[in-house]
Amino acid sequence: QLQLVESGGGLVRPGGSLRLSCAASGLTLDYMHIAWFRQAPGKEREGVSCIITRDGITHYIDSVKGRFTISRDSAKNTVYLQMNNLKPEDTAVYYCAAGKSPNFDGTPDTSWEAFRYDFWGQGTQVTVSG
């Protein structure tokens, strides 16, 4: 069974940066889609970024393009989300999710469908304020 543990959240001022980590144990992240989702109070959960570990393809939602970068360290079985130029609207609980690649049809849109992901972390709070 794959376990995911997020870390790196916190309070940051607008324009600041944070790096979230998603450490995996129990299974390798090979041949998986790994995504970061977020959920703000009163809002639906939304996919933010995804990496397809087989080939390194990445996807981002428009609101974070140019500011967020997803990456993977296969040796550490860890995925990162580098978040720069943070804005108050980025405030949310961020969740790491992993889904087996056969769950997806290869189109970017399916990367944002939460039901396709088999494993979820507990979340880490990101607050952009000040």
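**Sheet, salt bridges and pocket**

Four strands form an open sheet in the order 1-3-8-7, with antiparallel pairing. Its edge strands, strand 1 (3-7) and strand 7 (68-73), each pair on one side only. On average, neighbouring strands of this sheet are turned by 15° against each other, direction ignored. This is a predicted model, in which local features need pLDDT of at least 70 and side-chain atom pairs count only at pLDDT 80 or more, while totals for chains, interfaces and linings use all residues. Residues are numbered from 1 along each chain as its sequence is written, and side-chain values use heavy atoms, with hydrogens and water left out.

Strands here are DSSP runs (E, at least two residues), numbered from the N terminus, and two of them pair if DSSP finds at least two bridges between them. Strand 7 and strand 8 (residues 78-83) run antiparallel and are joined by six bridges. Across this pairing, Ile70 stands opposite Leu81 in strand 8.

Another antiparallel pair is made by strand 5 (residues 46-52) and strand 6 (residues 57-60), over four bridges. Cys50 has His59 in strand 6 as its bridge partner. The two strands form a hairpin with four residues between them, and Gly56 in the turn has a positive phi of about 80°.

The structure also holds six salt bridges, each a side-chain nitrogen of Lys or Arg within 4 Å of a carboxyl oxygen of Asp or Glu. In one of them, Asp30 and Arg72 meet at 2.4 Å, N to O. This pair links distant parts of the chain, 42 residues apart: Asp30 is in the loop between strand 3 (18-25) and strand 4 (32-39), and Arg72 is in strand 7.

Asp90 forms a salt bridge with Arg38, with the closest N and O atoms 3.0 Å apart. Asp90 lies in the loop between strand 8 and strand 9 (92-100), 52 residues apart from Arg38 in strand 4. Asp90 counts as buried because its relative accessibility is 0%, where buried means under 20% relative accessible area, exposed over 50% and partly exposed in between (1.4 Å probe, protein chains only). Arg38 is also buried, at 6%.

The largest pocket is lined by 13 residues, and Arg38, Ala40, Lys43, Glu46 and Glu89 lie nearest its centre. A pocket is an open set of points on a 1 Å grid over the protein atoms alone, where a 1.4 Å probe fits, with protein on both sides within 12 Å along at least five of seven lines; lining residues have an atom within 4 Å of a point.

Conventions:
Axes fitted to C-alpha atoms, helices over the stretch in contact; angles between N-to-C directions.
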